[in-house]
Amino acid sequence: MVFSSMLFVFLFLTANLISQVLLKTPRAKNIAMLVFSLVFYSWSGPRYLLLLLGMVFVCWFGALQIQRTDLPEKRKPIMIVTITICLLLLGFFKYTGFLCSNLNAIFGVPKAIPNIVLPIGISFYTFQLISYVVDVYRNEVPAQRKYWMLLLYASLFHQCIAGPIVRYQDVNEDIVRRRASIGEISRGISRFTIGLAKKAILANGCAMIADSLITVSSAELAQVPAMGIALGVFAYGLQIYLDFSAYSDMAIGMGLMCGFHYKENFDYPYIADSVADFWRRWHISLTSFFRDYVYIPLGGNRCSKSRQIMNIAVVWFLTGLWHGASWNYVLWGLFFGVFIILERFVLKDFITRIPKALRHVLVILVIYFSWFLFKSTELAQAGIMLKGIFGLNHNGFTSVSVGLAFRNNIFFLILAAIAVTPFGKTLRTIMNNLSRRGGALYWINAAWEVLHPVLLLILSAMALVGNSYNPFLYFQF
């Protein structure tokens, strides 16, 4: 079950919200939320629910032992063992096949590569549980004494299977005692419907364009004209932002409707004027996780330049590997790591002297070419695409089908490109400011605030009816 489905919106979510309204005590609300979350997680098959239950138990028990122990020489080993168990489970399910395929390519063993199905959302809830255990060790949060309450935190269906990565300290108070005000419910409904429309209309539309031009077959991909590859990667860059930010929008919106306050996960990354700025705006919860739990413990900015470079390389290797068990993801992460190192240690003075508009253009080019790696299923495909965009596959510049795809979708792509900028947010702020003057503008703005969630819900439902093409890219992580 995905957020952008009729079943979820009109049955599952509706039933969940009704239960949260009818139940009065926080305990009753939490029990109901836990039941809904476990049903949601088990929807595609309950077999990996046991894995989630087991990992939560390990972290619940480990955190309690850490809190009960005053001696640092005992607390740290407990933390390390607890985290190691979580990482080993994540590694087994996510990276066993990748490791075996590389060993097979080098040494010829094992003969058979195991096909292990990746439990949905394991990368997200594993990182959440790790952050919880470390925060207990650092005395930043108290250990949760009730197992089922920690299970609620890890399994909340708003964000369990595709983020954002929510830290326990950010929602602890909301779990224990929460109450959604009318204003928060209204903002939550608006945020959810904006995310739903962003996904159902814009992201899915961009996905169809990208997948029609960037084919899976390497032989067919080599024949795609340069303009087709350029257009396909452009559509994919829009898709991946609209897709994942839409999921975050919907998670934040559903949280507000129930009294949970999740932090923002995206801040218009395509307006960044440096690669570092892009990653301060893109998937903020993941970037901050690696900063606080990997980069700073490794020494952060306090150590020598050479050590800082090594720390950055480690972080971006792990960032790429987190996104997928494939060398193209690893290189994608290291690609950004190289540019961040260049910005910080080599080009810092040069970058500050060039105009901001030019910096922005250069960053967009870096981001654009990074999607060649991310879109590819293997490195050979990335190479074919990179050669193809420069016409080195003898593939020509354009064709009748590519020209037709461009003409048919140009206005849609312009709309999608506007949607990844703060244009809509700025326009809404202007309208709110003007409405404070009273008169007709006040009533127009008030009517819009009431009607736009309904309009977006109707448009999204129309887009989803009969449309089986409804992927969420980050479900693979």
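The structure is a predicted model, in which local features need pLDDT of at least 70 and side-chain atom pairs count only at pLDDT 80 or more, while totals for chains, interfaces and linings use all residues. Residues are numbered from 1 along each chain as its sequence is written, and side-chain values use heavy atoms, with hydrogens and water left out.

A pair of aromatic rings is described by the distance of the centres and the angle of the planes. Here, rings of Phe, Tyr and Trp (its six-membered ring) were paired if their centres lie within 6.5 Å, with planes under 30 degrees apart called stacked, over 60 edge-to-face and the rest tilted. The count by this rule is 56 aromatic pairs. In one of them, the ring centres of phenylalanine 40 and phenylalanine 157 are 5.6 Å apart and the planes stand at 45°, so the pair is tilted. Phenylalanine 40 belongs to helix α2 (residues 26-41) and phenylalanine 157 to the loop between α6 (147-155) and α7 (168-176), so the pair ties together parts that are 117 residues apart in sequence. Helices, for the record, are DSSP runs (H or I, at least four residues) numbered from the N terminus. Burial is judged by relative accessible area with a 1.4 Å probe and protein chains only: buried means under 20%, exposed over 50%, and partly exposed in between. Phenylalanine 40 is buried at 4%, and phenylalanine 157 is buried at 0%. Another tilted pair is formed by phenylalanine 57 and tryptophan 60, with centres 5.6 Å apart and planes at 45°. Both of these residues, phenylalanine 57 and tryptophan 60, lie in helix α3 (residues 49-68), three residues apart, about one turn of the helix. Phenylalanine 57 is partly exposed at 42%, whereas tryptophan 60 is buried at 17%.

Helix α2 also holds asparagine 30, which is buried with a relative accessible area of 2%. Contact is taken as heavy atoms within 4.5 Å. Beyond its neighbours within four places in sequence, asparagine 30 touches Trp148, Met149, Leu152, Ile175 and Arg178. Ile175 is itself among the buried residues of α7, together with Tyr168, Val171, Asn172 and Asp174. The cover over these buried residues of α7 includes α2, α5 (122-137) and α6.

Aspartate 249, in helix α10 (residues 226-258), is buried at 7%. Apart from neighbours within four places in sequence, aspartate 249 is in contact with Arg191, Phe192, Gly195 and Lys198. Glutamate 264 sits in the loop between α10 and α11 (275-281) and is partly exposed at 41%. With neighbours within four places again set aside, glutamate 264 contacts Arg191, Ile252 and Ile284.

Helices α13 (305-323) and α14 (327-346) each supply at least two residues of the nonpolar patch, and α13 gives the most, with four. Leucine 331, in helix α14, is partly exposed at 37%.
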